[in-house]
Amino acid sequence: MATIKWAIMGTGTIAKSFAQGLGQLSDAELYAVGSRSLQHAEQFGEHFPAQKYYGSYEALVSDPDVDVVYIATPNSAHKDNILLCLNHGKSVLCEKPFTLNRHETAEVIRVAREKNLFLMEGMWTRFFPVYRQVREWLDADTIGPVRMVSADFGFRREGPAEDRKVGLHRGGGALMDVGVYPISFASWVFQQVPSTITGVASLYETGVDDLSAMTLLYPDGQVAVLSCSINTPTQKEARIIGNKGTIVIPEFSKATSATLAVIGEAPITVTSPLEGNGYNYQAAAVMACLRAGKTECELMPLDESQAIMAQMDELRRQWGVVFPGENKQ
């Protein structure tokens, strides 16, 4: 696999960002683009040229030369799109959130494992270079036992609300759109599942959360305090607090630096600028897994994606946010 041929399913903003990221990798090729109309696929190619353009997802996954598919469709379509790819023998990187709920996630994981195919949730932030340094600090117990994590991700919407972000039928809402980032960050730090989950939410007129906050309590007494919004700007900062010091990551969702402050010592700031737009790092990790014959990535394992989705399910249960068809699962 000298050059790995990627296909992108979907042609929205995230798809364009991923295509831009692929352009940073000399051993990756944007081979095919698929949309629900050929016109949209070809329009995508005006900015990000590919060899093939398809007007249906079925045609895309039927191409025998596609090595791996990046799914950039609305949240509500993720499960069906993943299964379509897997049932056609394609490896998959699916944009977060993985699916709508833990039942859908369990189904796609089961099929991937049965077919021995690579599958990963696209939590691109985990692959930024600065996080390697943060993990080294944590593993070395530099700030002592971690007691608390705080993280927020909120932005201010411009113009009319996008259906894919606020539509209940699209799996929208702050939790699904951006809340998954702080939850996944806390999971990455603590590397375990919380024992108690509590949250509050301000609901939008469509029935999804517009602004929400959550507290996660872990078995050894650690706490994560997290928040998210799709109409309120926040600092997007993450803090990891131990009994000997703190690690601060400004704009953690697109991190380029981290500051270590140990009590009694001068703070140390490490800076690792992103090459490209950052999407290239997770793409490179996927390609390394494919070349090694792996069906999962150690930095974003499937069981962890399943656990994160279960936490989000519990929060939505507390808020009364139910996506269409969920009561039948």
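Residues are numbered from 1 along each chain as its sequence is written, and side-chain values use heavy atoms, leaving out hydrogens and water. Because the model is predicted, local features need pLDDT of at least 70 and side-chain atom pairs count only at pLDDT 80 or more, while totals for chains, interfaces and linings use all residues.

Let's start with the open spaces. The search runs on a 1 Å grid over the protein atoms alone: a pocket is an open set of points with protein on both sides within 12 Å along at least five of seven lines, a cavity is a set where a 1.4 Å probe fits but cannot get out, and lining residues have an atom within 4 Å of a point. Points are joined across faces, edges and corners, and a volume is the space filled by probe spheres set on them.

How much space lies in the largest pocket? About 920 Å³. It is lined by 37 residues, and the closest to its centre are Gly 12, Thr 13, Ile 14, Arg 164 and Lys 165. When I name helices and strands, I mean DSSP runs numbered from the N terminus, with helices as H or I of at least four residues and strands as E of at least two. Helices α1 (13–22), α7 (163–166) and α8 (174–190) each supply at least two lining residues here, and α1 gives the most, with 4. By class, this lining has 10 nonpolar, 16 polar and 11 charged residues. In that scheme Ala, Val, Leu, Ile, Met, Phe, Trp, Tyr, Cys and Pro are nonpolar, Asp, Glu, Lys and Arg are charged, and the others, Gly among them, are polar.

The second largest pocket holds about 240 Å³ of space. Of its 13 lining residues, the closest to the centre are Arg 102, Asp 313, Arg 316, Arg 317 and Glu 326. Two elements give two or more residues to this lining, α5 (102–115) and α10 (302–319), and α10 gives the most, with 5. The lining divides into 3 nonpolar, 4 polar and 6 charged residues.

Some of those names come back when we turn to salt bridges. A salt bridge here is a side-chain nitrogen of Lys or Arg within 4 Å of a carboxyl oxygen of Asp or Glu. How many does the model have by this rule? The count comes to 20. Arg 102, Asp 313, Arg 316 and Glu 326 are linked in a network of them.

Is Ser 187 buried or exposed? It is buried, with a relative accessible area of 6%. Its side chain makes a polar contact, at 2.5 Å, with the side chain of Glu 304. A polar contact is a pair of N or O atoms within 3.5 Å; within protein, one must be able to donate a hydrogen and the other to accept it, and residues adjacent in sequence count only if both atoms are side-chain atoms.

Last stop, the backbone. Most residues other than glycine have a negative phi, and most peptide bonds are trans. Lys 96 and Pro 97, however, are joined by a cis peptide bond, with omega about -15 degrees. Pro 97 sits in the loop between β5 (91–95) and α5. Asp 141 has a positive phi of about 60 degrees although it is not a glycine; its place is the loop between α6 (130–139) and β7 (146–154). Lys 236 also has a positive phi of about 60 degrees, and is found in the loop between β10 (223–229) and β11 (238–242). Asp 141 is partly exposed, at 40%, whereas Lys 236 counts as buried, at 18%.

Notes
Buried < 20%, exposed > 50% of the residue type's maximum accessible area, 1.4 Å probe, protein only.
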